[in-house]
Amino acid sequence: MIYHLMAALVDGGVLRINPFQYVTVRCVAAGIMALLLSWAIGPRLVAVLRLLKAGQPIRTVSIKGAPDLAEMHGKKAGTPTMGGVLIVFAVIVPVLFWCNLFNPLIWLLIFVTFGFGTIGFLDDYLKITQKNADGLSPKQKIIGQLLVGLVIGAYLYYFGATKTLGVQYSYMEAGSMHGPWRGYDFLQFPFFKWLYPEIGLLFVPYVMFVLTCTSNAVNLTDGLDGLCIGITSIVTAAFMLLAYLCSNQFFAEYLMMAHVPRADEVVVFMGALFGACLGFLWFNAYPADMFMGDTGSLTLGGVIGTVAIICKQEILFVIVGGMFVLEAASVVIQVFSYKLTKKRVFLMAPLHHHFERKGMTEAKIIARFWIISILFAIIGLSTLKLR
């Protein structure tokens, strides 16, 4: 709204300068607005959720020789959940205020936000009303995630190869970014200058797979106070920078990245998301006043996965979001190991619960996982020049 209002005032001769034409200025403004909204609304949301008795059920899991999770987290029973509603609100309002709403990528990200947010909200709602920790079945959640991924993948595949939405990338024979406009149906690998394999129609199921993986990986990380939102803040900051680099032709060409001109508004969106994450961390830091629930975790994972696809850095997500990958991998390893050998590799999965059962304090696990996440983000960003 403000972006379009200021542009109209400049075009009409009312103003001579418009500082909000710059992406960096609007990114900062969106982040600050999201943070202030979170601070303003957060206490009221906590009060409302407590009034509605929207408390988080605690799952009981006992393993011989290890402390019981219900005993460790029993004091958290009844802590308000569904706090992801605050994240969604704190993102969407600044986006509507500060983004160029004629950019189709913004509406794509808004669709993802509400799509994954709805799945998570239904899951949280069922957990609360049924007074158990199950909610939607895994099959129902995955079907919902795949459907949202189908829409995103189909849209980018069929409408991506246009000047208003498309991508430019290097050709070995041309050695320049100034090639024809292309769609998003190719892969870009870290460490390789000229490796851009096109996957054609397979891009659609590929997007479905990526978004399902990223949303579930973030969801699995959400188990300790402030853990998931802290890691998400770090990954969001990294992808905010990646979106800026790929939207700028000079930096994209210099770093041999895919050039996505319309990703400039994605930078503003990620600024709002970063501010919303910090705002939610204010209330979710140990000991938490409220939990994000699946409303927040599925939304965050879906949005970051979509931004990674738009920037053509979804493979780099494996490094930048390495902590999410480790958490998800620990669950996969645990399940396959138990099915094949009837033995557990970890005392409990995801990984953060393994360290809890080993006796490490919750605060120390959170701090150390944040530090490792920062290292992953730095390593991932450093690979941009190693091609």
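Helix H7 (203-221), helix H12 (317-320) and helix H13 each supply at least two residues of the lining of the second largest pocket. Helices are DSSP runs of H or I with at least four residues, strands are runs of E with at least two, and both are numbered from the N terminus. The model is predicted, and local features need pLDDT of at least 70, side-chain atom pairs count only at pLDDT 80 or more, and totals for chains, interfaces and linings use all residues. Residues are numbered from 1 along each chain as its sequence is written, and side-chain values use heavy atoms, with hydrogens and water left out.

The second largest pocket holds about 330 Å³ of space. On a 1 Å grid over the protein atoms alone, a pocket is an open set of points with protein on both sides within 12 Å along at least five of seven lines, a cavity is a set of points where a 1.4 Å probe fits but cannot get out, and lining residues have an atom within 4 Å of a point. Grid points are joined across faces, edges and corners, and a volume is the space filled by probe spheres set on the points. The lining of this pocket consists of 15 residues, and Cys-213, Thr-214, Phe-317, Val-318 and Val-325 lie nearest its centre. H7 contributes the largest share of the lining, seven residues. By class, the lining comprises twelve nonpolar, two polar and one charged residues; Ala, Val, Leu, Ile, Met, Phe, Trp, Tyr, Cys and Pro count as nonpolar, Asp, Glu, Lys and Arg as charged, and the others, Gly among them, as polar.

A search of the whole structure finds one cavity of 30 Å³ or more, and about 40 Å³ of space lies in the largest cavity. Its lining is formed by Ile-87, Val-88, Val-91, Thr-113, Phe-269, Leu-273, Thr-299 and Val-303. Two or more of these residues come from each of helix H4 (84-98), H10 and helix H11 (293-310), with H4 giving the most, three residues. Six residues of the cavity lining are nonpolar, two are polar and none is charged.

H10 (residues 264-284) also contains Gly-271. Gly-271 counts as buried because its relative accessibility is 3%, where buried means under 20% relative accessible area, exposed over 50% and partly exposed in between (1.4 Å probe, protein chains only). Apart from its neighbours within four places in sequence, Gly-271 is in contact with Cys-27, Ala-30, Gly-31 and Met-240, contact being defined as heavy atoms within 4.5 Å. The C-alpha atoms of Gly-271 and Ala-237 are 7.9 Å apart, with a sequence separation of 34 residues.

In the protein as a whole, the secondary structure comes to 15 helices and zero strands. Buried residues make up 55% of the 387 residues. Among contacts with a separation of 6 or more, 73% are accounted for by residues 24 or more positions apart.

H13 (residues 322-341) also packs with another helix. The axes of H13 and helix H15 (residues 362-382) come within 8 Å and cross at roughly 120°; axes are lines fitted to C-alpha atoms, for helices over the stretch in contact, and angles run from 0 to 180 degrees between N-to-C directions. H13 is therefore oblique to H15, given that angles under 35 degrees count as roughly parallel, over 145 as roughly antiparallel, 65 to 115 as roughly perpendicular and the rest as oblique. Gly-322, Met-323, Leu-326 and Glu-327 of H13 make the contact with Phe-369, Ile-372, Ser-373 and Phe-376 of H15. This contact has five nonpolar, two polar and one charged residues.

Backbone geometry was considered next. Tyr-286 and Pro-287 are joined by a cis peptide bond with omega of about -10°, and Pro-287 lies in the loop between H10 and H11. The peptide bond from Ala-349 to Pro-350 is likewise cis, with omega near 0°; Pro-350 is placed in the loop between H13 and helix H14 (351-357). The loop between H13 and H14 also holds Lys-342, which is not a glycine but has a positive phi of about 60°. Lys-342 is exposed, with a relative accessible area of 60%. A positive phi of about 70° is found at Met-82, also not a glycine, in the loop between helix H3 (69-73) and H4. Met-82 counts as buried, at 9% relative accessibility.
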